[in-house]
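This report describes one protein chain from its computed geometry. Please look at the sequence and the coordinates before reading on.

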Amino acid sequence: MTEIRIEFDVPAQMRDGTVLRADVYRPGGSGPWPVLLSRLPYGKQMALAITVSISRH
């Protein structure tokens, strides 16, 4: 797998009306894929740095 599609700032409205925004990373191609949800209080870009670091091992 070499292709990754990224959608930036995808809105998700919470029950209290607050809108959270997430970056969504999807593999290219078809198939069922597992889901990894990462929630951090430090901003969305931190998750990308951790993912890249882990995937290189």
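The text below covers confidence, fold, strand pairing, selected residues and the surface.

**Basis and confidence**

This is a predicted model, in which local features need pLDDT of at least 70 and side-chain atom pairs count only at pLDDT 80 or more, while totals for chains, interfaces and linings use all residues. Residues are numbered from 1 along each chain as its sequence is written, and side-chain values use heavy atoms, with hydrogens and water left out. The pLDDT is the predictor's confidence in each residue, from 0 to 100. Its mean over the chain is 79, and 74% of the residues reach 70 or more. Confidence is highest in S1, with a mean of 91, and lowest in helix H1 (residues 44-55), with a mean of 60.

**Fold**

The chain contains one helix and two strands, arranged along the sequence as β-β-α. Helices (H or I, at least four residues) and strands (E, at least two) are DSSP runs, numbered from the N terminus. Of the 57 residues, 7% are buried. Buried means under 20% relative accessible area, exposed means over 50%, and partly exposed lies in between (1.4 Å probe, protein chains only). A contact is defined by heavy atoms within 4.5 Å. Among contacts between residues at least 6 apart in sequence, 11% join residues at least 24 apart.

**The strand pair**

S1 and strand S2 (residues 19-27) pair in the antiparallel sense over eight bridges; two strands count as paired if DSSP finds at least two bridges between them. Ala 12 has Leu 20 in S2 as its bridge partner. Five residues lie between the strands of this hairpin, and Gly 17 takes a positive phi near 95° there.

Asp 9 also has a positive phi, of about 55°, although it is not a glycine. Most residues other than glycine have a negative phi. Asp 9 is located in strand S1.

**Selected residues of strand S1**

Arg 5 belongs to strand S1. Leaving aside neighbours within four places in sequence, Arg 5 is in contact with Val 24, Tyr 25, Arg 26 and Pro 27. Arg 5 and Pro 27 are 22 residues apart in sequence, with a C-alpha to C-alpha distance of 6.2 Å.

Val 10 is also a residue of strand S1. Not counting residues up to four places away in sequence, Val 10 touches Leu 20, Arg 21, Ala 22 and Val 24. The C-alpha atoms of Val 10 and Leu 20 are 8.2 Å apart, and the two residues are ten apart along the chain.

Which side chains meet in a salt bridge? A salt bridge is a side-chain nitrogen of Lys or Arg within 4 Å of a carboxyl oxygen of Asp or Glu, and the count by this rule is one. The side chains are those of Glu 7 and Arg 26, at 2.1 Å from N to O. This pair links distant parts of the chain, with Glu 7 in strand S1 and Arg 26 in strand S2, 19 residues apart.

The table gives accessibility for several residues discussed here.

| Residue | Relative accessible area | Class |
|---|---|---|
| Arg 5 | 44% | partly exposed |
| Ile 6 | 38% | partly exposed |
| Glu 7 | 37% | partly exposed |
| Asp 9 | 39% | partly exposed |
| Val 10 | 26% | partly exposed |
| Arg 26 | 38% | partly exposed |

**Surface**

The accessible surface of the chain is about 5,400 Å², and carbon and sulfur atoms account for 59% of this area. Accessible areas come from the Shrake-Rupley method with a 1.4 Å probe; for residues, only the protein chains shown count as cover.

Ile 4, Ile 6, Phe 8 and Tyr 25 make a nonpolar surface patch of about 400 Å². Patches are made of residues with over 30% relative accessible area and no salt bridge, where like charges are joined within 9 Å and nonpolar side chains (Val, Leu, Ile, Met, Phe, Trp, Tyr) within 5 Å. Strand S1 (residues 4-13) supplies the largest share of the nonpolar patch, three residues. Ile 6 has its place in strand S1.
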